[in-house]
Amino acid sequence: MLITFEGIDGAGKSTQIKKLQILLQKEGLESITLREPGGTEVAEKIRSILLESRHEISPVGELLLFSATRSELVQQVILPALQKGIIVILDRFYDSTRAYQGYGRGIDLSILETIISLSTYNLKPDVTFYLDIKPEEALIRKFSEKSLPLAFENDDLDRMERSGLEFFRKVRNGYLDIIRLEPQRFTVLNALEPPVVLHRQIIEKLRTKIPALEARNHY
Ligand code: TMP
């Protein structure tokens with residue numbers, strides 16, 4: 001089973017992924033947690049090229065680099081794990097490419113789909129959790145309200161995070177569009193809910209898909 005998490009930067013994916021990982025472990029279910037871009041030696045190297053703030057990369061170059069890391073990860077790690085029956089939790093997958101490179105950077109969506117099917121070997125998630133948050137709210141989580149006007153110049157931000165508020169508005173609207181086209185795969189969560197509430201909603205959804213969790217009533 002392939003479970004993916006999506007959302008704009010600062011939505012709180014990592015917290016939920018960690019909680020899910022701990023729960024699956026407690027239940028004795030074998031799982032691995034991976035992130036995109038990353039997860040293999042080559043992909044981690046490309047990740048630092050992609051995210052280092054001093055690099056200037058064109059939208060097409062960016063798309064191809066993200067896709068290169070994806071094909072490495074899918075082929076070397078994800079497909080072999082799924083074949084062994086291991087649950088794979090993935091922090092971002094091709095919906096990020098649709099939202100960021102397609103809606104955010106403006107690359108033609110039909111061209112994206114061709115590159116996505118090539119780089120994923122047509123692998124699709126069984127379930128995708130989308131944590132929804134407005135970019136302004138995600139920023140306030142990271143910075144104080146007072147320092148917001150200068151937030152995008154902060155040295156702590158990586159190259160993608162520096163893309164500006166308008167970019168992240170397009171990315172969020174992109175996610176909402178993608179979900180409208182494929183509502184059965186997505187579970188939309190309000191990222192402003194407390195982490196325990198979100199965790200419970202995630203388990204509720206997974207209970208219908210993972211028999212070992214179905215037997216449990218309380219988390
Ligand atoms: P993260 O691991 O902290 O989420 O950082 C990854 C960044 O890369 C994040 O800003 C989203 C972006 N990204 C894309 O633009 N396209 C992609 O296909 C993927 C996987 C990530």
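This is a predicted model: local features need pLDDT of at least 70, side-chain atom pairs count only at pLDDT 80 or more; totals for chains, interfaces and linings use all residues.

Me: In which order do the five strands form the open sheet?

Reply: In general, the strands of a sheet pair through backbone hydrogen bonds, either parallel or antiparallel. Here the order is β2-β3-β1-β4-β5, and the pairing is parallel.

Me: Which strands stand at the edges?

Reply: These are β2 (31–35) and β5 (186–190). Each has a single partner strand, so one side of each is left without a neighbour in the sheet. On average, neighbouring strands of this sheet are turned by 20 degrees against each other, direction ignored.

Me: How many bridges join β4 to β5, and how many pair β1 with β4?

Reply: Strand β4, residues 127–132, runs parallel to β5 and is joined to it by five bridges. With β1, strand β4 pairs over four bridges, again in the parallel sense.

Me: Which residues stand opposite Thr128 and Phe129?

Reply: Thr128 in β4 has Thr4 opposite, and its bridge partner in β5 is Phe186. Phe129 stands opposite Thr187 in β5.

Me: Are the residues of β4 buried or exposed?

Reply: A residue is read as buried when its relative accessible area is under 20%. Six of the six residues of β4 are buried, so this strand is largely enclosed by the rest of the structure.

Me: Which way do the residues of β4 point?

Reply: Val127, Phe129 and Leu131 point one way from the strand, whereas Thr128, Tyr130 and Asp132 point the other way. Residues on both sides of β4 are buried.

Me: Let us turn to the ligand. Which of the residues around it come nearest?

Reply: There are 14 residues around the ligand, of which Asp9, Arg70, Arg92, Thr97 and Gln101 come nearest.

Me: How far are ligand atoms from N or O atoms in the side chains of Asp9, Arg70 and Gln101?

Reply: For Asp9, an N or O atom of the side chain is 2.8 Å from an oxygen atom of the ligand. For Arg70, the distance from a ligand oxygen atom to such a side-chain atom is 3.0 Å. With Gln101, a nitrogen atom of the ligand is 2.8 Å from an N or O atom in the side chain.

Me: How much of the ligand's area does the protein bury?

Reply: Taken alone, the ligand exposes 480 Å², and the protein buries 92% of that.

How values were computed:
Residues are numbered from 1 along each chain as its sequence is written. Side-chain values use heavy atoms; hydrogens and water are left out. Two strands pair if DSSP finds at least two bridges between them. Helices (H or I, at least four residues) and strands (E, at least two) are DSSP runs, numbered from the N terminus. Axes are lines fitted to C-alpha atoms, for helices over the stretch in contact, and angles run from 0 to 180 degrees between N-to-C directions. Buried means under 20% relative accessible area, exposed over 50%, partly exposed in between (1.4 Å probe, protein chains only). A residue is near a molecule or strand if one of its heavy atoms lies within 4 Å of it. A polar contact is a pair of N or O atoms within 3.5 Å; within protein, one must be able to donate a hydrogen and the other to accept it, and residues adjacent in sequence count only if both atoms are side-chain atoms. Accessible areas come from the Shrake-Rupley method with a 1.4 Å probe; for residues, only the protein chains shown count as cover.
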